[in-house]
Amino acid sequence: MEMDPDIFGPAGDDLSSESTCYQCSTCCADDDRSCASSMRSRSKTRSLSASPAQGSTREFSFPCNLLKRREKGTVIGESGRTRSLHGPCPVTTFGPKACMLQNPKTIMHIQDPGSQRLTWNKPPKSVLVIKKIRDASLLQPFKELCIYLTEVNNMIVYVEKKVLEDPAIMNDDSFGPVKKKFCSFSEDYDDISNQIDFIICLGGDGTLLYASSLFPGSVPPVMAFHLGSLGFLTPFNFENFQSQVTQVIEGNAALVLRSRLKVKVVKEHRETKTVIQNRIEENGVMPPNLEKEMFKHAIQYQVLNEVVVDRGPSSYLSNVDVFLDGHLITTVQGDGVIVSTPTGSTAYAAAAGASMIHPNVPAIMITPICPHSLSFRPIVVPAGVELKIMLSPDARNTAWVSFDGRKRQEICHGDSISITTSCYPLPSICFQDPVSDWFESLAECLHWNVRKKQNHFAVDEEEEF
């Protein structure tokens, strides 16, 4: 699995870089396998603010490729944890003479994800404000936030052009001086990935998914305000936005790293292939250097929730083969299949009967949609694997694929979808901490395990038993 856990946005550094080590820990006699030296850290808190505390940083081994470092928001560890969401680093010596072979190019020591906090090595200067489109109720919060960012904090505000094209904003003369300070951009045309220090979302969960789609590489920290319908991924209320935004700008914010999926769709140039084949039939001569790859083109996506492959408008069952690291593991015959991140496990996958997984768990979920089999249960596979989905050779119809509900397209015979965990997670700023926020969302948004409590026995009833 690839992972880039501690660099977000265009100007930062990792405070734990000096503690990273790539020696084989299994061959060391010490029980302490952490390579980290003591560093200044922050104690755990249930609010955005935290006081610094002295301690050591606990580390855990995790498979991934070594990555190039970048420059802006960083993560620092918290001291004093005796437990981790990932559990302790496993012992990899077996008996007196055996140990697991370690590859220094595929092992990176990362901090306990449950203790990650945001800090800045340079004050943030630019912010991307994402607003839900065509929602009149968000106009006033949007204006208040932008005025606060530009006039009080003197920040550069980036806004999408279609947001500024809203008649209510265009015709508001009092908002004109603030609007002139905006930097605008258009999706799919302007690259803002190296210009944004952090992101503020106003709306529902869709605004966070949209923010993820704008950044194919490193994603700046995201602060999401609950101004939509469900709000599972948006923990902040807008009433006290000034103090909350100020605390994020000053640092001292807890983070949850939401893993994303790196998806590669390879499709055939069918028109070009047909033209060349017709010429071959006419001339009877095979053009030199003609390779199958010439007929194909690839598109890549970064997905926060899920990749959905379904039967589309066809009345037939979808029939797709699922490969894991090059091996065929199953053929899905049903309405389709969902490949999701832990963040996406509470979305479409939950509706299809999958388990809900905390976003800090490194995993990929495979969930069938209405399979024509009584034994096809959802499964969880390690985050480091590579999945490939293709139409089965005997499939009666094509399939359709979408990425976080967008970019929907048809998949035909010969096309393929490769999926693995991205090295660029989305750093989502927590209101309290990763655990508390997640269970709060389960209770408030999904009403998880809501039931009337059973009455206790009266004294005389207990005596009867």
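**Close-up 1. A cluster of aromatic rings in the predicted model.** In this predicted model, ring pairs join Y148, F225, F236, F238, F241 and F431 into a cluster. Across the structure, the count of aromatic pairs comes to 12.

Close-up 2. F225 belongs to strand β14 (residues 222–226), while F236 sits in the loop between β14 and α6 (241–250). The pair therefore ties together parts that are 11 residues apart in sequence. How accessible are the two partners? F225 has a relative accessible area of 0% and is buried; F236 is buried too, with a relative accessible area of 0%.

**Close-up 3. Y301 and F403, a stacked pair.** Now for the pair formed by Y301 and F403. Their rings are stacked, with 20 degrees between the planes and 4.2 Å from centre to centre. Y301 comes from strand β17 (residues 296–303) and F403 from strand β24 (residues 399–403), so this contact ties together parts that are 102 residues apart in sequence. Are these residues buried or exposed? Y301 is buried, at a relative accessible area of 15%, which falls under the 20% cut-off for that word. F403 is likewise buried, and its relative accessible area is 5%.

Technical notes. Residues numbered from 1 in each chain as written. Predicted model: local features only at pLDDT ≥ 70, side-chain atom pairs only at ≥ 80, totals over all residues. Heavy atoms only, no water. Phe/Tyr/Trp six-rings, centres within 6.5 Å; stacked < 30°, edge-to-face > 60°. Helix = DSSP H or I, 4+ residues; strand = E, 2+ residues; numbered from the N terminus. Buried < 20%, exposed > 50% of the residue type's maximum accessible area, 1.4 Å probe, protein only.
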